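Biologist: Could you take me through the contacts in this model, between its chains and between its domains, and give the cut-offs behind each term?

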Amino acid sequence: MDFSLSTEQNEIVLWAREIAGKIKSIAFNPEFSAEQFDGKIIRLLARNNLLCPTIPHEYGGLGMDRFTTALVIEEIAVGFPSAAAVVDATIHAAEPILLAGSRKQKEKYLPLLTGNNAGIASFALTEAAGGSDLTMLKTIAAKDNGGFVLNGRKDWVINVDRAEFMAVIGAVAENKRKSALRVFIVPRAAQGFSLGIKRRTIGLDHLYIGEAIFNDACIDKGNVIKIDEAGSGYLLLTQTFDLGRAMVGATSVGIARAAYETALDYAENRWQFGAAIRKHQAVAFALAEMATKIEMARLITWKACWLMDQGGDYSVSSAMAKMAASNIAQEVTAQAADILGAAGCEKGSFIEQLVRDARVLTTIEGTNNMQKLVISSQL
Amino acid sequence: MSFKDIGLKIQIAREEKGLSQEQLAKAMGCSQSALSNYEKGKRRLYLSQLEVLARILDKPLDYFVESISPKNNAGDFPGKESSRQKIETALEKLDEKQLLQVIDYINYLQWNRTGGY
């Protein structure tokens with residue numbers, strides 16, 4: 001077993017760290033605004049072709065494997081977690097196309113997420129009645145003139161305001177059977193699509209998260225993945241989630257590391273009772289615990305990604321990575337805030353943002369109780 | 001719906017086809033232990049793998065995806081049809097005396113379901 005990174009991976013980490021540093025300097029400038037998130041941060045990621053690094057070279061992407069992608073996402077999350085979450089969501093939206101899209105679908109949609117002018121994408125599953133329970137979904141696509149008319153209301157859709165396209169989960173029949181589910185690729189300009197409520201979240205609050213409303217939205221038959229294969233949508237969904245969970249694990253590791261590094265720096269420079277507070281055992285032990293937890297979260301995330309790249313069985317490892325890393329991100333950000341003392345209570349501080357961001361990660365990509373369900377079903 | 005249901009469907013379809021785990025694993029290009037884990041629901045199969053399996057076992061993909069639980073799809077779930085077909089096939093191989101024993105057993109099951117004594 002070898003835990004060392006290749007020369008190329010080390011170079012990629014340093015490159016991503018440099019970009020993350022630039023992103024952080026934009027995001028934590030007092031003048032920072034929502035417009036700058038789009039105009040500066042997403043553009044910066046696009047210029048470096050990092051909005052969806054898993055897309056193969058032939059479609060203009062970086063063709064990164066999952067392991068290297070996790071390294072990059074950790075670095076971006078250290079700088080600014082919301083930026084990493086935008087990348088996570090875009091990778092998630094592209095996944096069904098990468099896994100089972102036709103050549104035509106790949107050629108049409110994947111290049112929209114690559115290159116200098118790359119955009120972002122959305123994955124739309126959750127509805128008011130449910131998300132994890134697929135039999136509760138109400139979004140329906142009825143056949144019409146060789147295509148489909150889509151009706152439904154998706155919620156908690158990340159990137160929905162500016163997505164180049166959405167991967168929307170709907171059913172082609174009203175019988176609530178899993179075999180009726182399909183993935184519809186809905187372009188931003190689709191007639192019948194509109195934005196609904198914008199959700200305000202306690203963390204990752206720079207993201208645009210909200211409703212996507214489909215009111216007689218006309219979808220070309222060519223925009224449905226494996227339209228003629230009943231059962232394909234359900235299987236694509238499970239694989240998409242199994243692949244995506246480890247990426248949330250990597251984002252969580254980045255958040256935890258950012259909090260730890262902030263706390264360590266503070267502890268080295270804050271003097272109390274004649275010494276830097278990191279010399280006091282209470283703080284030193286807390287830092288030791290934090291470093292250990294981060295290493296645990298990173299290793300389990302790496303293992304899940306390694307299994308994905310090797311063609312191994314990654315479902316359980318990926319769910320474990322998401323659950324463990326997002327829990328650890330919550331624990332480590334709270335410990336870091338404790339070490340910072342009064343400075344850890346300040347509204348608008350970097351640590352305050354990290355505490356709030358970590359809380360959201362326990363919920364997105366399936367709650368941690370859902371991860372337990374995935375893991376326990378395979379024991 | 002759990003992958004245990006999908007695993008059970010694989011086992012039923014494999015037995016219908018008259019294949020051993022070893023034979024099916026060879027046709028799929030995986031190890032027998034991997035197939036055993038798929039059938040137990042301890043390992044997940046994804047779209048591309050199930051497409052291969054469906055072709056080998058002459059089943060549509062949705063056969064594997066729909067729940068085997070009667071409470072979800074009462075009356076028409078594929079697993080139930082498969083069990084009925086299996087019983088019918090097995091009955092053809094029995095002699096008259098054995099068929100009478102089967103009838104006795106069915107009567108016992110019906111009696112037991114209504115509460116017995």
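Predicted model: local features only at pLDDT ≥ 70, side-chain atom pairs only at ≥ 80, totals over all residues.

Modeller: Residues are numbered from 1 along each chain as its sequence is written, chains are lettered from A and ligands numbered from 1 in the order in which they are written, and side-chain values use heavy atoms, with hydrogens and water left out.

Biologist: Into which domains is chain A divided?

Modeller: The bounds come from an automatic or database domain assignment. On that basis chain A is divided into domain 1 (7-119), domain 2 (121-229) and domain 3 (234-377).

Biologist: What is the area buried between domain 1 of chain A and domain 3 of chain A?

Modeller: The centres of these two domains, taken over C-alpha atoms, are separated by 20 Å, and 23 residues of domain 1 of chain A are in contact (heavy atoms within 4.5 Å) with 27 residues of domain 3 of chain A. Buried area is the accessible area, with a 1.4 Å probe, that two parts lose on being put together, summed over both. Carbon and sulfur atoms give 70% of the area between domain 1 and domain 3 of chain A, which comes to about 2200 Å².

Biologist: How many salt bridges does the rule find across that interface of domain 1 and domain 3 of chain A?

Modeller: The rule asks for a side-chain nitrogen of Lys or Arg within 4 Å of a carboxyl oxygen of Asp or Glu. R257(A) forms such a bridge with E74(A), their closest N and O atoms being 2.7 Å apart. For the interface of domain 1 and domain 3 of chain A, the rule finds three salt bridges.

Biologist: At what angle do helix α3 of chain A and helix α7 of chain A pack?

Modeller: Helices are DSSP runs (H or I, at least four residues) numbered from the N terminus, and axes are lines fitted to C-alpha atoms over the stretch in contact, with angles running from 0 to 180 degrees between N-to-C directions. Among the residues that meet here are F67(A) and E74(A) in α3(A), and W302(A) and W306(A) in α7(A). The axes of helix α3 (residues 66-79) and helix α7 (residues 281-310) of chain A lie 7 Å apart, and the packing angle is about 145°.

Biologist: Which residue forms a salt bridge with E75(A)?

Modeller: Side chains of opposite charge can pair when their charged atoms come close. Here the closest N and O atoms are 3.0 Å apart, and the partner of E75(A) is R17(A). This pair links distant parts of the chain, 58 residues apart, with E75(A) in helix α3 of chain A and its partner in helix α1 of chain A, namely R17(A).

Biologist: Which residues of chain B lose the most area to chain A?

Modeller: The contact takes 20 residues from chain B and 23 residues from chain A, and the two chains bury about 1900 Å² between them, 53% of it on carbon and sulfur atoms. Together 33% of what the chain B side buries comes from R44(B), Y46(B) and L47(B).

Biologist: Which residue of chain A meets R44(B) in a salt bridge?

Modeller: Across the interface of chain B and chain A the rule finds three salt bridges. In the one formed by the side chain of R44(B), the N to O distance is 2.9 Å and the partner is D242(A).

Conventions:
Helix = DSSP H or I, 4+ residues; strand = E, 2+ residues; numbered from the N terminus.
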